[in-house]
Amino acid sequence: MNVQNQTFVVAKSRAKYNDGYMPGFGNDFETEAIEGALPIGQNSPQRCPYGLYAEQLSGTPFTAPRKSNERSWLYRMRPTVQHISDMREIDLPYWRAAPTIGESGLPLAPMRWDPAPIPDDAGTFLTGLRTISTGGDVFTQVGYAIHTYAVTQSMEDEYFWNADGELLIVPEVGRLRFFTEFGIIDAAPGEIVGIPRGMKFKVLLNGDDKARGYICENYGGAFTLPERGPIGANCMANPRDFLTPVAAFEQKDGTTCRVIVKWCGKFHASEIDHSPLDVVAWHGNYTPYKYNLRHYSPVGPIRNDHADPSIFTVLTAPSAEPGTANIDFVIFPPRWLVAEDSFRPPWYHMNIMSEFMGLIEGVYDAKPEGFVPGGMSLHNMMLPHGPDADAFYGASLKELKPEKLDNTIAFMFETRFPQQLTKYAAELPTLQVKYPDVWQPLRNHFDPNRPVWNGE
Ligand SMILES: [Fe+2]
């Protein structure tokens with residue numbers, strides 16, 4: 001650029017890599033799809049620009065503390081109250097809500113599943129969703145549900161909002177487009193998408209003919225970034241890597257559109273003659289977002305031992321009890337293992353939290369066999385688990401050198417609630433009924449006359 005005759009150079013407003021998005025987590029954003037649509041200096045003018053309606057969407061009570069208070073102002077063609085008329089209950093039988101106590105019929109045990117194939121007629125994001133486990137109680141806004149999804153069909157004139165909780169979506173196969181009231185999020189495997197409670201959206205296939213992944217439906221307080229404590233001001237998930245879309249709307253007046261809401265575990269639908277994605281401008285801090293898990297900056301043991309997995313927390317949904325999450329989203333990203341004189345995989349353990357795991361790509365170091373992308377495992381509250389026999393003997397007897405764990409993104413939804421398996425999950429033909437056997441080859445090596453064990 002020739003700046004010879006200029007005294008300054010002004011930056012373009014954003015870095016090029018995030019075109020169409022605004023960086024930051026929990027920022028107070030503002031965006032308008034048409035210039036001048038956003039009122040300046042006030043939320044609710046007597047007459048909004050372009051004759052739009054002003055509407056507030058609150059994610060927290062009005063009186064929530066400032067640091068957790070979330071709300072946004074939307075400027076739209078019609079108020080949301082016109083999007084719902086003649087609501088009728090419909091059935092989406094595979095999307096379950098907590099509590100689902102005791103319906104699995106399975107004995108207590110660690111559980112693991114192979115990936116379920118994506119059927120050719122899997123359907124939309126809504127009809128292709130299957131609940132795996134639940135905890136807490138949807139009626140008290142406490143707890144969660146974990147689902148898988150398989151998508152072979154876009155939601156063209158169908159829209160959804162979830163009054164019961166926010167959705168954290170973890171794609172594993174196929175690219176998806178999330179067209180929300182707040183704008184358009186395109187997401188691929190390796191990225192995650194957060195859709196707050198109450199936000200209308202539809203999900204479209206985006207260049208692939210099928211898609212599959214995992215979902216955490218969080219009934220409790222919203223996912224937020226964990227505290228870093230002595231780690232300091234950087235690393236783990238950095239706020240700048242979260243991307244919120246700029247405003248986008250569609251105008252489909254005269255088209256029959258179906259709006260579906262999930263409310264206290266039940267589904268209701270109504271037909272309207274326009275798209276509810278009619279928000280021309282918005283501002284606020286209650287927003288959808290996406291995050292590329294490959295941007296996660298892990299921190300770990302650089303001399304000895306295996307640290308608690310909480311060091312890999314991407315997002316946490318707190319409960320009222322400090323340090324006790326309603327549910328956490330944790331990843332196991334590519335990283336170096338360098339600990340000396342240490343058993344490097346996770347140790348054997350029992351825990352008050354319960355752990356649902358999935359694999360987005362590659363392999364997971366504590367379970368090198370039998371846990372593949374699209375699979376899942378459940379290690380429930382106060383039930384023992386740890387490395388399988390192959391992992392134990394491999395890690396105990398190998399020569400320790402710096403080692404790169406590459407080509408891997410595993411994740412965990414970890415919750416304070418005992419996980420109640422659904423009947424659907426219990427009856428999946430992909431359930432590995434012999435999974436608990438992976439620990440049986442572990443031998444008793446104890447010999448009171450042999451303080452140093454060398455693998456005999
Ligand atoms: Fe565990």
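In what order do the 6 strands of the open sheet that includes β6 and β21 stand? The order is β6-β25-β24-β27-β22-β21, and the pairing is antiparallel. Strands are DSSP runs of E with at least two residues, helices are runs of H or I with at least four residues, and both are numbered from the N terminus. Two strands pair if DSSP finds at least two bridges between them.

The structure is a predicted model, in which local features need pLDDT of at least 70 and side-chain atom pairs count only at pLDDT 80 or more, while totals for chains, interfaces and linings use all residues. Residues are numbered from 1 along each chain as its sequence is written.

The chain as a whole may be considered next. It contains 2 helices and 28 strands. The radius of gyration of the chain, taken over C-alpha atoms, is 24 Å. Along its principal axes, the C-alpha trace spans about 85 × 65 × 45 Å. Of the 456 residues, 40% are buried. A residue is called buried if 20 or more other C-beta atoms lie within 10 Å of its own, exposed if 12 or fewer do, and partly exposed in between, with C-beta atoms placed from the backbone. Two residues are in contact if their C-beta atoms, placed from the backbone, lie within 7 Å. Among the contacts with a separation of 6 or more, 79% join residues 24 or more positions apart.

The domains come next. The domain assignment, whose bounds come from an automatic or database source, gives domain 1 (18–38 + 49–293) and domain 2 (300–430). The centres of domain 1 and domain 2, taken over C-alpha atoms, are separated by 26 Å. In the contact between them, 47 residues of domain 1 meet 44 residues of domain 2. On the side of domain 1 that touches domain 2, the elements giving two or more residues are β6 (111–113), β7 (129–137), β8 (142–151), β10 (166–173) and β15 (211–218). The largest share of that side, 7 residues, comes from β7.

Strand β6 pairs with β25 (residues 376–379) in the antiparallel sense over 3 bridges. Here W113 stands opposite M376 in β25.

Another open sheet has 4 strands in the order β2-β19-β4-β3, again with antiparallel pairing. Its edges are β2 (29–32) and β3 (53–58); each has a single partner strand, so one side of each is left without a neighbour in the sheet. The twist in this sheet averages 20° from one strand to the next. Within the sheet, 5 bridges join β4 (residues 71–76) to β19 (residues 279–284), and the two strands run antiparallel. R76 stands opposite V279 in β19.

Some individual residues in loops complete the picture. R344 lies in the loop between β23 (335–337) and β24 (354–362). Because R344 has 22 C-beta neighbours inside 10 Å, it counts as buried. Leaving aside neighbours within four places in sequence, R344 is in contact with H306, L337, A339 and A395.

Most residues other than glycine have a negative phi, and most peptide bonds are trans. Between A98 and P99, however, the peptide bond is cis, with omega of about 5°; P99 lies in the loop between β5 (88–90) and β6. Q141, in the loop between β7 and β8, has a positive phi near 55°. Q141 is partly exposed, with 15 other C-beta atoms within 10 Å. M236 has a positive phi of about 60° and lies in the loop between β15 and β16 (242–245). With 17 C-beta neighbours inside 10 Å, M236 counts as partly exposed.

Notes. The radius of gyration is taken over C-alpha atoms; the globule rule is 2.2 Å times the number of residues to the power 0.38. Axes are lines fitted to C-alpha atoms, for helices over the stretch in contact, and angles run from 0 to 180 degrees between N-to-C directions.
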